[in-house]
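Visitor: I am new to this structure and would be grateful for a guided introduction. May we begin by looking at it together?

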Amino acid sequence: MEAQTYQPVKKEQSKAVNMTGAEALMECLVQEGVELMFGYPGGAIMPVYDALYSYTDRLKHVLVRHEQGAIHAAQGFARVSGKVGICLVTSGPAATNVVTGIADAMIDSTPVVIISGQVASSLLGTDAFQETDVIGITQPVTKWNYQITRAEDIPWAMAKAFYVARSGRPGPVLIDITKDAQFGKFDFSYQKMQSIRSYQPVPQPDLVKINEASHLINLAKKPLALVGQGVVLANAEKELMEFLEKTGIPAAWTILGLSAIPTDHPLNVGMLGMHGNYGPNIKTNEADLIIGIGMRFDDRVTANPQRYATNARVIHMEIDPAEINKIIHADVPVLGTVKETLPLLTKKVNKNEHTQWLEEFNACWRIEHDRVIGRELSPDKPELTMGEVVKRVSTAFDDDAIMVTDVGQHQMVATRYFNFKQSRSVVTSGGLGTMGFGIPAAIGAKMGAPHRHVCLFVGDGGFQMTIQELGTIFQEKVPVKIVLLNNNFLGMVRQWQELFFDFRYASTELLNPDFQTIAKGYYIPSIKVTERENLDEAIKTMAESEGPFLLEVVVEKEGNVFPMVPSGMSVDDIRLE
């Protein structure tokens, strides 16, 4: 039935060649421009790996140490390169091991295609060895998934997989291929897919809504733009800057919108959300107009939605109709890709400046600097802080590296203190908050942007969740710089236990191994820093190293990340301490 939705490209079809399904899969990947994939072999995908043996001159395969590493590496690759990430695994436990990464990619709109092997079609539903219903398991967390039981279905299914994954709001697609379909032979030909009947990935802009939005913008005295990852995914950074600079509107960003605006741009007023900057949060309920640009008003941005943007009209510029009015009511929804809608809006709005309004954000920054930033970066603190480490690493790489993070306190600190000059410079797990994301995502990011420096910030908890991927770094000689911020705690959970559970530290203190010894086992050089006077020299050594490097920094054990909007509270209940 699905094959009937295939709309072929209007050009001469490639000449048919008889081959196996496994060989056909390789050809599909080549014709889609794939050069790199991450995976782990096994019984049900063995015919594909056997076919891959003959394609090593065209398709590089990175052997990870755990299937979760494969999907996170594919995510990291996709996020920095703008291409579709590829993950190749076998059936059963291998397929279930990638489910967390698939869910992560779904909520963070990351284009990945996961190819999983499956038992022979005659064994489906029999509880055969290493059989799982991967289609049923992954249906809620994929844009599309499909099980192939006939070799001749491989070309159209793969064409659709790539089209769905990269079109509109990107996301993960899973293709499950039975073993007999991999062995089966047929006359192969391939055509890329350019459309699917009834699927409209990019809504057409409504000029009436554009006019309504421009009217609100021209009347606004205190407008605030909220910039999300949709700008990055649409490659609309230039269009965004033209809009902001014409209107003079202050712009804040979500954690995934980070790096869409250069850190030092005068209209950049900082990060939104639970651990975002003071100004963007406190001023949200003073704004008379909120313009959401390629963002989805996540709960970590809005806090209590009943007490969010209480004085503002809302313009929501969004590619996915399902996000409109899901959390925050949009007075003017502007559907479409912001690559198209922003220029239309820019033409309609008046040239303006909001000097006094922008100065209010600057005043908030001065308050935050005095009460939070200055203390975090103070050289007089008895223990090293995460913030000063992040800041010094950023400076060492001229504020122009790709920042990858795991999840936890270090993630929030890194997004606050690392600086950026260009887009696609942040790789982090946003919506799902997946610990263990960091190491494999950094591998993928470096392989997706080999010409750029990649700095991974990771906590001692998340580091140990995918620590085996140091083996992938060693085997592939991936020159990632790993900054391990070690406080011997599951820091973010501990912070909540301190603030909201009366210091009852239940199961959050970690007895850690000797990380230098572990790194040495993988032939990765490392330095451990415990004193401030040794930090700069250690960072310099790491920055100048040609290969991978682990810098472990022992930071204050019970340090907290501020500002903070307590869960369930309003954005203007933000705490500075």
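Guide: One definition comes first: a residue is buried under 20% relative accessible area, exposed over 50%, and partly exposed in between, with a 1.4 Å probe and protein chains only. The model is predicted, so local features need pLDDT of at least 70 and side-chain atom pairs count only at pLDDT 80 or more, while totals for chains, interfaces and linings use all residues. Residues are numbered from 1 along each chain as its sequence is written, and side-chain values use heavy atoms, leaving out hydrogens and water.

Visitor: Does E27 count as buried or exposed?

Guide: The relative accessibility of E27 is 16%. A value under 20% places a residue in the buried class. E27 therefore counts as buried.

Visitor: With which residue does the side chain of E27 meet in a salt bridge?

Guide: A salt bridge is a side-chain nitrogen of Lys or Arg within 4 Å of a carboxyl oxygen of Asp or Glu. For E27, the N to O distance is 4.0 Å.

Visitor: How many salt bridges does a search of the whole structure find?

Guide: One of them joins the side chains of K283 and E286, at 2.9 Å from N to O. K283 is buried, at 8% relative accessible area, whereas E286 is partly exposed, at 34%. Over the whole structure, the number of salt bridges found is 32.

Visitor: Which helix holds both K540 and E544?

Guide: K540 and E544 form a salt bridge whose closest N and O atoms are 2.9 Å apart. K540 is partly exposed at 41%, and E544 is exposed at 53%. The two are 4 residues apart, about one turn of the helix, and both lie in α23 (residues 535-544).

Visitor: Which residues does F243 touch, not counting residues up to four places away in sequence?

Guide: Contact means heavy atoms within 4.5 Å. F243 is one of the residues of the largest core that touch the most other members. Beyond its sequence neighbours, F243 touches I217, I249, I291, I293, L342, L345, T346 and V349.

Visitor: Against which element do the buried residues of α21 pack?

Guide: The buried residues of α21 are G491, M492, R494, Q495, Q497 and E498. Among them, Q497 has a relative accessible area of 8%; beyond four places in sequence, Q497 contacts D502, F503, R504, Y505, A506 and T508. The element against which the buried residues of α21 pack is α17.

Visitor: What is the phi of D127 near?

Guide: D127 is found in the loop between β6 (112-118) and α6 (134-138). At 72% relative accessibility, D127 counts as exposed. Its phi is positive in a residue other than glycine, near 60°.

Visitor: What is the positive phi of N488?

Guide: N488 is placed in the loop between β20 (481-486) and α21. At 23% relative accessibility, N488 counts as partly exposed. Although N488 is not a glycine, its phi is about 55°.

Visitor: What is omega for the peptide bond that joins F562 and P563?

Guide: P563 lies in the segment after β22 (549-554). The bond joining F562 and P563 is cis, with omega of about 0°.

Technical notes
A nonpolar core is a set of buried Ala, Val, Leu, Ile, Met, Phe, Trp, Tyr and Cys residues joined through side-chain atoms within 4.5 Å.
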